[in-house]
Amino acid sequence: MKSFRDKRRDNRPTAKSGTGEVRPHETRGRPDARPREARDAKPDSQPAPNSAPRILARRDGALPAEQLPLILEVAPNADYALLDSGAGQKLEQYGPYRIVRPEGQAIWQKALPAKDWERADAIFTGDTDEEGIGRWRFPKMPLGETWPMKHDGIDYLGRFTSFRHVGVFPEQASHWDHMAGLIAAAKRPVKVLNLFGYTGLASLVAARAGAEVTHVDASKKAIGWARENQEMAGLGGKPIRWIVDDAVKFAEREERRGSRYDIILFDPPAYGRGPKGEIWQLFEDLPALTDLCRAILTPKPLAVVLTAYSIRASFFAIHALMRDTFAGMGGRVESGELIIREKSAGRALSTSLFSRWVA
């Protein structure tokens with residue numbers, strides 16, 4: 001399924017059906033979604049038959065408490081830094097490499113002089129081939145597809161992919177830290193479900209904190225990358241199930257099987273089209289997916305975290321959905337934006353909306 005999540009942000013064409021790679025969130029969701037980065041546009045397996053629409057009814061019970069707006073911020077650190085941004089671009093430091101990529105939200109002017117931008121090791125160009133796949137330019141020396149990176153002591157591989165992404169979304173670090181804290185504080189076995197799991201950093205954080213993790217992604221390539229990251233991080237002995245499957249179809253089967261989870265992470269696309277013409281529309285289909293996530297929680301759950309990118313809406317919309325869905329369960333719904341704090345001028349670059357229910 002191809003999402004147009006970043007088409008609006010980057011003014012960059014999306015990949016056509018049948019091409020080799022598509023970028024994260026370009027194909028995620030349902031049916032047969034390709035969740036995260038470098039999605040294979042052709043299905044990895046035969047698509048599951050369409051299921052009957054989920055019947056939704058407003059739940060009884062008091063709405064959870066609420067906290068909003070909550071702005072979760074990632075500041076520059078030794079592993080990652082947003083050095084500067086402006087004029088539709090961002091200059092980032094990923095470990096040893098300085099990288100320039102498009103950023104449609106950066107509508108202000110650059111703070112650093114041109115010489116600082118010209119020191120970049122890798123630049124994602126605006127040039128695209130007929131399938132809409134961009135190219136990396138390496139001004140200093142040719143670089144390989146991967147390079148070693150760290151997040152909070154976890155080793156993983158950064159990647160130069162054809163859709164401008166590098167194998168990690170650093171703004172998600174706030175969610176990862178919060179999740180790790182919940183797992184550690186639980187003082188009991190915790191099961192985590194990571195839907196649309198991409199290259200696995202969230203799953204590795206959860207596993208290191210002591211959780212049993214189920215990681216679901218529709219791309220065989222992304223699952224392969226995630227397994228590489230697990231070995232590189234030295235977490236090969238941790239209990240992580242790597243599953244190639246459509247996220248929604250998998251969750252539906254888990255509901256029928258009676259499988260339950262304490263923490264669920266999900267990050268569906270804004271829009272997508274499946275290989276047989278199936279349509280995913282976030283505002284039409286998200287309520288059923290959110291309801292499904294509630295249905296597969298354990299009797300004593302810890303949290304459900306929803307992130308939404310490139311949608312023409314306020315976080316109030318997904319906030320209200322989450323409060324309605326978790327009515328009668330107590331706890332609190334926290335909603336707002338994920339931002340990255342710029343090193344040069346201290347400006348905040350907003351990356352996504354989120355809403356999370358916490359017991």
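**Helices and a mixed sheet in a predicted model**

Helix α6 (residues 247-257) packs against helix α7 (residues 282-295) at an angle of about 35°, and their axes are 10 Å apart. Such axes are lines fitted to C-alpha atoms, for helices over the stretch in contact, and the angles run from 0 to 180 degrees between N-to-C directions. α6 passes α7 in a left-handed crossing; a crossing is left-handed if the near helix is turned anticlockwise from the far one by less than a right angle, and right-handed if clockwise. On the α6 side, V248, A251, E252 and E255 meet L289, L292 and A295 of α7, where contact means heavy atoms within 4.5 Å. By class, this contact has five nonpolar, no polar and two charged residues. Here Ala, Val, Leu, Ile, Met, Phe, Trp, Tyr, Cys and Pro count as nonpolar, Asp, Glu, Lys and Arg as charged, and the others, Gly among them, as polar.

This is a predicted model, in which local features need pLDDT of at least 70 and side-chain atom pairs count only at pLDDT 80 or more, while totals for chains, interfaces and linings use all residues. Residues are numbered from 1 along each chain as its sequence is written, and side-chain values use heavy atoms, with hydrogens and water left out.

The secondary structure of the chain comes to eight helices and 17 strands. Helices (H or I, at least four residues) and strands (E, at least two) are DSSP runs, numbered from the N terminus. Of the 359 residues, 58% count as buried; buried means under 20% relative accessible area, exposed over 50%, and partly exposed in between (1.4 Å probe, protein chains only). Among the contacts with a separation of 6 or more, 65% are made by residues 24 or more positions apart.

The crossing of α3 and α4 is right-handed. W176, M179, A180 and I183 of α3 make the contact with L201, A202, V205 and A206 of α4. These residues divide into eight nonpolar, no polar and no charged. An α-helix has 3.6 residues a turn, so residues three or four places apart point the same way.

How much of α4 is covered? Seven of its eight residues are buried, namely L201, A202, S203, L204, V205, A206 and A207. Just after α4, G210 takes a positive phi of about 115°. L235, in the loop between α5 (220-232) and β11, is buried too, with a relative accessible area of 8%. L235 touches L204, R208 and Q230, not counting residues up to four places away in sequence. L235 and A207 are 28 residues apart in sequence and 7.9 Å apart in space, C-alpha to C-alpha.

Now to the strands. An open sheet of eight strands has the order β1-β16-β17-β15-β12-β9-β10-β11, with mixed pairing; two strands pair if DSSP finds at least two bridges between them. β1 (65-74) and β11 (240-244) stand at the edges with a single partner strand each, so one side of each is left without a neighbour in the sheet. On average, neighbouring strands are turned by 15° against each other, direction ignored. β1 runs parallel to β16 (residues 332-341) and is joined to that strand by eight bridges. L72 has L338 as its bridge partner in β16. Helix α8 (residues 315-325) packs on the sheet and touches β1, β15 (303-308), β16 and β17 (348-358); its direction makes about 10° with that of β17.

Strand β12 (residues 263-266) is covered on both faces: I263 and L265 on one side and I264 and F266 on the other are all buried. In a regular strand the side chains alternate between the two faces of the sheet. β12 runs parallel to β9 (residues 191-195), with three bridges, and pairs with β15 in the parallel sense over four bridges. L265 stands opposite N194 of β9 and opposite V305 in β15.

T307 also lies in β15 and, at 3% relative accessibility, counts as buried. Its contacts, not counting residues up to four places away in sequence, include F266 and L338.
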